[in-house]
Amino acid sequence: SVSKGVCLMSEPRREFSFLHFSDLHSYKDKGYDLTQALARLAGFVKDNADRWECDYVFLTGDIANQCNYTGTVQFIADLLEAVKMPKDDKQRIFWAVGNHDIKRGRKMRENIIHEIRADKDPRAFEKAMNDEESRTLLTHTGMTEYLKAYKDICGYDFPEDVVSGAHRFFELENLNLFVLNTCLTSC
């Protein structure tokens, strides 16, 4: 959907428009094929291109399915072209990782997640993130394919401190944006 937002952080208020996609699960396998549905979505966006010009594009997770990016990068590139997102202005595309965008079945990572969930201390996640080995298992393990696809789609690498810190903050012209990595403790 295309929506209008208003920056509440500064005066004077500035309007901006954005396009939001979520849970596309762009993937084809036996018994699971969204090819036709996604082709129709891309066709609809292209057929109505004059309605979709926007300032920002937000991809809020589960763009792939089971960390399989076959066709996903090209599909998103086609959508971005349809909404007239300049190829040289990738800093206006934001993708929050979803649990289907990463590889989840890593036993050591799952053990840490189960420990966090079982711990009664509300700071269990912060304690795990302060331990270098646990933080690496939570933030890096399983995210390799996502980070490659992120560069292909958004046009830039995550800085190492951002991958390790999990969450991102962007101070933009029209808004301040927090991108939270909520799939760190999914398994």
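Before we set off, one definition: a residue is called buried under 20% relative accessible area, exposed over 50%, and partly exposed in between, using a 1.4 Å probe and protein chains only. This is a predicted model, in which local features need pLDDT of at least 70 and side-chain atom pairs count only at pLDDT 80 or more, while totals for chains, interfaces and linings use all residues. Residues are numbered from 1 along each chain as its sequence is written, and side-chain values use heavy atoms, with hydrogens and water left out.

**Stop 1: helix 6**

Select Lys-148, which is partly exposed at a relative accessible area of 48%. Because they are three residues apart in helix 6, about one helical turn separates them. Helices here are DSSP runs of H or I with at least four residues, strands are runs of E with at least two, and both are numbered from the N terminus.

**Stop 2: a salt-bridge network**

Which residues are linked in a network of salt bridges? Select Asp-119, Asp-121, Arg-123 and Lys-127 to see them. Lys-127 meets Asp-121 at 3.3 Å, N to O, and it also bridges to Asp-119 at 3.6 Å. Lys-127 is partly exposed at 45% relative accessibility, and Asp-119 is partly exposed at 33%. The count of salt bridges comes to four.

**Stop 3**

Go next to strand 6, residues 93-96. Ile-93 and Trp-95 lie on one side, Phe-94 and Ala-96 on the other, and all are buried. In a regular strand, side chains alternate between the two faces of the sheet. Strand 6 runs parallel to strand 5, and four bridges join them; strands pair if DSSP finds at least two bridges between them. To find your way across, look at Val-57, which stands opposite Ile-93.

Stay with Trp-95, buried at a relative accessible area of 1%. Aromatic pairs are rings of Phe, Tyr and Trp (its six-membered ring) whose centres lie within 6.5 Å; planes under 30 degrees apart count as stacked, over 60 as edge-to-face and the rest as tilted. By this rule there are twelve aromatic pairs. Tyr-69 and Trp-95 have ring centres 6.0 Å apart and planes at 70°, so they are edge-to-face. Tyr-69 sits in the loop between strand 5 (56-60) and helix 2 (72-82), so the pair ties together parts 26 residues apart in sequence.

Now select Tyr-150: its ring centre is 5.9 Å from that of Trp-95 and the planes are at 10°, so this pair is stacked. Tyr-150 belongs to helix 6 (residues 144-154), 55 residues away from Trp-95 in the chain.

For an aromatic cluster, select Phe-16, Phe-18, Tyr-56, Phe-58, Phe-94 and Phe-170 together.

**Stop 4: Thr-139**

Finish in helix 5 (residues 132-139), where you will find Thr-139. Is this residue buried or exposed? With 0% relative accessibility, Thr-139 counts as buried. A polar atom of its side chain lies 2.7 Å from the backbone oxygen of Arg-135. Leaving out residues up to four places away in sequence, Thr-139 touches Met-129, Val-163, Ser-164, Ala-166 and Leu-184, where contact means heavy atoms within 4.5 Å.

How values were computed:
A polar contact is a pair of N or O atoms within 3.5 Å; within protein, one must be able to donate a hydrogen and the other to accept it, and residues adjacent in sequence count only if both atoms are side-chain atoms. A salt bridge is a side-chain nitrogen of Lys or Arg within 4 Å of a carboxyl oxygen of Asp or Glu.
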